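Subject: Structure for you to look through

Dear colleague,

Here is the structure I promised to hand over, and my notes on what was found in it follow below. Please keep it open beside you while you read.

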Amino acid sequence: VNPRGFFSGPLKIAVEAAGSINIVCVSGSTGLPDGEALRQKLIELIQPQNPSVLLDLSHLTFINSAGIGALVAAHQRARAMNGEIRAVQPTESVARLLHLMKIDTLIPTHATREHALEAFRA
Amino acid sequence: MQAPSEFGVDTSQMQELVVPNTLSGAKLPEDRIMAELARCGYEPDTVFAIKLALEEAMTNAVKHGNKLDSCKCVTVRYDVTPQRVVIMVRDQGCGFRPEEVPDPTAEENLERPNGRGIMLMQSYMTRVQYNEAGNEVWLLKEREAQA
């Protein structure tokens, strides 16, 4: 792995649906100045008819405070619409950062998509 | 501008870049420093830490220090050796007192949109120090010994 490129890949956001849940695959790096793009995409996706989002972070190699701010904004919008945000398989570096900042207390993380989808239904 | 003595760097030997006061302008020093880290073979975890701290320092300088004023600029100095990395970021604002920034992990602050940058820098760097005015931050990352 070339760390220079590994942490600087372009931010990519792909959306798929699992019933009423939007699964958002965030990959690459949420570095400067991508936090706002991520925030806008998540806010746009969270609508009253489908307020819950599963974030697949298994290919997200880097996140900074702006990216965290985007996740928090999504959490707040989802909650206001009686939805919730969950995350699945964050990479080790991203998981450590989310835990350090206690974001995993707002956005629960799961080992697999199946576990996360079960939690939405619970 | 003088490096804190604990950082063990000769300020006159540091590379200097002056960039426009935009988040995209902040990419130039990042690219240069990332190239130096690659040249020295730094490990991925350390690269992650340095990229994170640098982006937080640049964001603070552009947004909070220079208040997004396009007439202002940000000065970055850096020195990368195989043993350690020293970075200085200075804005043209009037500074702040980092000790007055609330703990972003306190329950009442968890949902604040910002205010996490200082804690991230402090958590991921070996040492973080501000000048007295509070408009210049020094970051030191020492390389961990490899087994």
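**Where the two chains meet**

Chain A and chain B bury about 2500 Å² between them, and 67% of that area lies on carbon and sulfur atoms. Please bear in mind throughout that this is a predicted model. The size of an interface is often given in this way, as the accessible area lost when the parts come together. Chain A brings 28 residues to the contact, while chain B brings 31 residues.

Between chain A and chain B there are 2 salt bridges, and one of them joins the side chains of Arg79(A) and Glu111(B), with 2.7 Å from N to O. Across the interface, 6 residue pairs are in polar contact. On the side of chain A that touches chain B, at least two residues each come from helix 1 (3-6), strand 3 (53-63), helix 3 (65-80) and helix 4 (92-100) of chain A. Which helix of chain A supplies the largest share of that side? The largest share comes from helix 3 of chain A, with 7 residues. Sorted by kind, the residues on this side of chain A are 13 nonpolar, 11 polar and 4 charged.

**The sheet of chain A**

Chain A has an open sheet of 5 strands, which follow the order 1-2-3-4-5 with mixed pairing. Strand 1 (12-18) and strand 5 (109-110) of chain A stand at the edges, and because each has a single partner strand, one side of each is left without a neighbour in the sheet. Strand 1 of chain A pairs with strand 2 (residues 21-30) of chain A over 7 bridges in the antiparallel sense, and here Ala17(A) stands opposite Asn22(A).

Helix 2 (residues 35-45) of chain A packs on this sheet, where it touches strand 1, strand 2 and strand 3 of chain A, and its direction makes about 175° with that of strand 2 of chain A. Helix 5 (residues 113-121) of chain A lies across strands 1, 2, 3, 4 and 5 of chain A and runs at about 140° to strand 3 of chain A.

**The sheet of chain B**

Chain B also has an open sheet of 5 strands, in the order 1-2-3-5-4, and its pairing is antiparallel. The edge strands of this sheet are strand 1 (15-20) and strand 4 (127-130) of chain B, each of which pairs on one side only, and the twist from one strand to the next averages 15°.

Strand 3 (residues 84-90) and strand 5 (residues 136-142) of chain B are joined by 7 bridges, with Lys141(B) as the bridge partner of Val85(B). Strand 4 and strand 5 of chain B are joined by 4 bridges, and Val128(B) stands opposite Leu139(B). Helix 1 (residues 27-39) of chain B lies across strand 1, strand 2 (73-80) and strand 3 of chain B, and runs at about 5° to strand 2 of chain B.

**Some backbone details**

Most residues other than glycine have a negative phi, and most peptide bonds are trans. With that in mind, please look at the bond between Leu32(A) and Pro33(A), which is cis, with omega about -10°; Pro33(A) sits in the loop between strand 2 and helix 2 of chain A. Lys67(B), a residue other than glycine, has a positive phi near 50°, and Lys67(B) is placed in the loop between helix 2 (44-65) and strand 2 of chain B.

With best wishes

Definitions and conventions. Residues are numbered from 1 along each chain as its sequence is written. Chains are lettered from A and ligands numbered from 1 in the order in which they are written. This is a predicted model: local features need pLDDT of at least 70, side-chain atom pairs count only at pLDDT 80 or more; totals for chains, interfaces and linings use all residues. Side-chain values use heavy atoms; hydrogens and water are left out. Contact means heavy atoms within 4.5 Å. Buried area is the accessible area (1.4 Å probe) that two parts lose on being put together, summed over both. A salt bridge is a side-chain nitrogen of Lys or Arg within 4 Å of a carboxyl oxygen of Asp or Glu. A polar contact is a pair of N or O atoms within 3.5 Å; within protein, one must be able to donate a hydrogen and the other to accept it, and residues adjacent in sequence count only if both atoms are side-chain atoms. Ala, Val, Leu, Ile, Met, Phe, Trp, Tyr, Cys and Pro count as nonpolar, Asp, Glu, Lys and Arg as charged, and the others, Gly among them, as polar. Two strands pair if DSSP finds at least two bridges between them. Axes are lines fitted to C-alpha atoms, for helices over the stretch in contact, and angles run from 0 to 180 degrees between N-to-C directions.
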